[in-house]
Amino acid sequence: MFNENPEAWANFIFSKAKLGDPRRTKRVVQVATDLAASVGRSVAVASENPAEIEGAYRFARNDMISPEDIALAGFLQTDQLVEQRPLVLSIQDTTGLSYKHSVCKELGAVNSASEQSKNPVGRTLYVHSTLMLDANSEQVLGLAYQDYFYREKKVQGKSHQLQCRAREEKESFKWQKAQETLSARINSTSNIIDVCDREADIYEYLDHQISTNNRFLVRASENRLLHQPKGKVRDIISSLDIRGYYCIDIKQKGGRKQRTAKIGLSYEKIELKKPQRAIGQKALPLNMIVCQEVDASDIKEKLCWILYTTEEINSVEDARKIVRYYELRWRIEEFHKVWKTDGTNVEALRMQKRENLKRIAVIKAFIAVRLLQLQDLSQNNDQAKEIACTCSFSELSWRVLWARVEKKKKQPEQPPSLYWAYYAIARLGGWYDSKRTGRVGIKALWDGWLKLINLVEAVEIAKELEIGG
């Protein structure tokens, strides 16, 4: 899925974009190529010459080009990959792009939906995205959905009045909207599991998924009433039998210390009872998985996940596999980080109008996915050790990389492994495995990749000069 050539990648993602004029499609491919070759840099710096700079800015300012049409071209390429996989995780989440320059006047009057929040100087452009992962290889397939929105004003009214609004008028409708949009594009969603965090614990959303026979996995937030067994969700947890155990490493964060947590795994068939003001079936049959930290009397905030799913659970192995699917939800948070700051730096854009900003932001979103795919190259270490790096690198690229990283070692007759190439690029980017995790950060990986591109380009230029002489 990762293509080392920025132009080939840009052609694959955007060459079929229907923008009303072939010249516009050609331009979006050129802009994407330049930005992919100079990740994190501004449009002006990424463009090679004044003519391309002017062309890129005309593209960004062209009101005849829809950001949605640009994105759709990339979504359709992702759809093709999704249809080829036996099982795919469709991970949804929302993030905010923060700006403080003149574009703020087009991003509503508030930065938060809360009436208690003070209006800050900046404004936020919210984006709800869907990232597709191969459930078996755990590799990123692509971006399948994005919806940009902002909050024009604080939502006023009493609690019951707000709850009685039409479903489509509520911001929480975004979870269902994303799923419906995907279903309308793909021939069959039977191989897709929708994965969402606690914000999606909405009765109407769960009801929609069940009534349309969609597969999903949602982390519970509300302590809901149960139709079967009687009581509330959190009340019955203590009565569930622990079916198995596993351990996870919890990273240090804030005042929380790093630790290895022992988790007790339980699961049960339940029926959620319809809340009084909710619209939907009187009860929703689900499988519930509970992950509770055990043997940790000295921990104040123990880990406890409650997951709702339509997936069948016939064994501890089934339950653990489904929990793993939820653990992979962090990949979309990683996508947001790469898109916003650690990779493409979309929050540094200084376009003066909202739509202009979105045209470039959409392209950068797909570039952020490309960076994740670069990181995925050696995720399966055992498999990567058996695959030649020529599956993703040209011969010139890996030979230049070998000469730069291995220094005085003799060039091998056969291409080294993909595993070697992954860590060679990381070392070229200044990475050192100080935490002994073996995982390379995006920044170090991309720094190494840019250095390799520059080295390869220098070798190609040297060859041309030699031929010319």
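K407 counts as exposed, since its relative accessibility is 55%. Here exposed means over 50% relative accessible area, buried means under 20%, and partly exposed lies in between (1.4 Å probe, protein chains only). K407 sits in the loop between α14 and α15 (418-428). Elements such as these are DSSP runs numbered from the N terminus: helices are H or I runs of at least four residues, and strands are E runs of at least two. The phi angle of K407 is near 55 degrees, a positive value in a residue other than glycine.

Before we go on, a word on the model and its numbering. This is a predicted model, in which local features need pLDDT of at least 70 and side-chain atom pairs count only at pLDDT 80 or more, while totals for chains, interfaces and linings use all residues. Residues are numbered from 1 along each chain as its sequence is written, and side-chain values use heavy atoms, with hydrogens and water left out.

## Loops and backbone angles

Helix α14 (residues 395-405) is followed by K407, and in this helix S397, W398, V400, L401, W402 and V405 are buried. Another residue with a positive phi is N213, at about 60 degrees, although N213 is not a glycine. You can find N213 in the loop between α8 (203-211) and β5 (215-219). With a relative accessibility of 70%, N213 counts as exposed.

Which residues are joined by a cis peptide bond? They are Q228 and P229, with omega at about -15 degrees. P229 has its place in the loop between β6 (225-228) and β7 (231-232).

## Aromatic rings

Searching the whole structure gives 12 aromatic pairs. Rings of Phe, Tyr and Trp (its six-membered ring) pair if their centres lie within 6.5 Å; planes under 30 degrees apart count as stacked, over 60 as edge-to-face and the rest as tilted. Two of the pairs are set out here.

| Pair | Centre to centre | Angle of planes | Type |
|---|---|---|---|
| W305 and Y326 | 5.0 Å | 75 degrees | edge-to-face |
| F335 and W339 | 5.6 Å | 15 degrees | stacked |

W305 belongs to strand β11 (residues 304-309) and Y326 to helix α10 (residues 316-327), so their pair ties together parts that are 21 residues apart in sequence. Are these two residues buried or exposed? W305 is buried at 15% relative accessibility, and Y326 is buried with a relative accessible area of 4%.

F335 and W339, in contrast, both lie in helix α11 (residues 330-342), four residues apart, about one turn of the helix. Both F335 and W339 are buried. Elsewhere, ring pairs link W9, F14, F75 and F366 into a cluster.

Rings can also have a charge over them, which here requires NZ of Lys or CZ of Arg within 6 Å of the ring centre and within 35 degrees of the ring normal. The charged end of R320 sits over the ring of Y246, 3.8 Å from the ring centre. For R331, the ring below is that of W330, and the distance to its centre is 5.3 Å.

## Nonpolar cores

In soluble globular proteins, nonpolar side chains tend to be buried together. A nonpolar core is a set of buried Ala, Val, Leu, Ile, Met, Phe, Trp, Tyr and Cys residues joined through side-chain atoms within 4.5 Å. The largest core has 109 residues, and F14, I289, F335, W339 and I363 touch the most other members. Helix α12 (residues 354-376) gives the largest share of this core, 13 residues. Apart from it lies another core, of 25 residues, including I202, L226, I237 and Y308.

Leaving aside neighbours within four places in sequence, the contacts of I289 (heavy atoms within 4.5 Å) include W305, I306, L307 and I322. L371 lies in helix α12 and is buried, at 2% relative accessibility. With the neighbours within four places again left aside, L371 is in contact with V39, V338, G343, I442 and W446.

## An enclosed space

A cavity is a set of points, on a 1 Å grid over the protein atoms alone, where a 1.4 Å probe fits but cannot get out; lining residues have an atom within 4 Å of a point. The largest cavity holds about 80 Å³ of space. Among the residues lining this cavity are S90, Q179, D194 and R215. Helix α7 (174-185) and strand β4 (192-196) each give two or more residues to the lining, and the largest share, three residues, comes from α7.

Key
On a 1 Å grid over the protein atoms alone, a cavity is a set of points where a 1.4 Å probe fits but cannot get out, and a pocket is an open set with protein on both sides within 12 Å along at least five of seven lines; lining residues have an atom within 4 Å of a point. Grid points are joined across faces, edges and corners, and a volume is the space filled by probe spheres set on the points.
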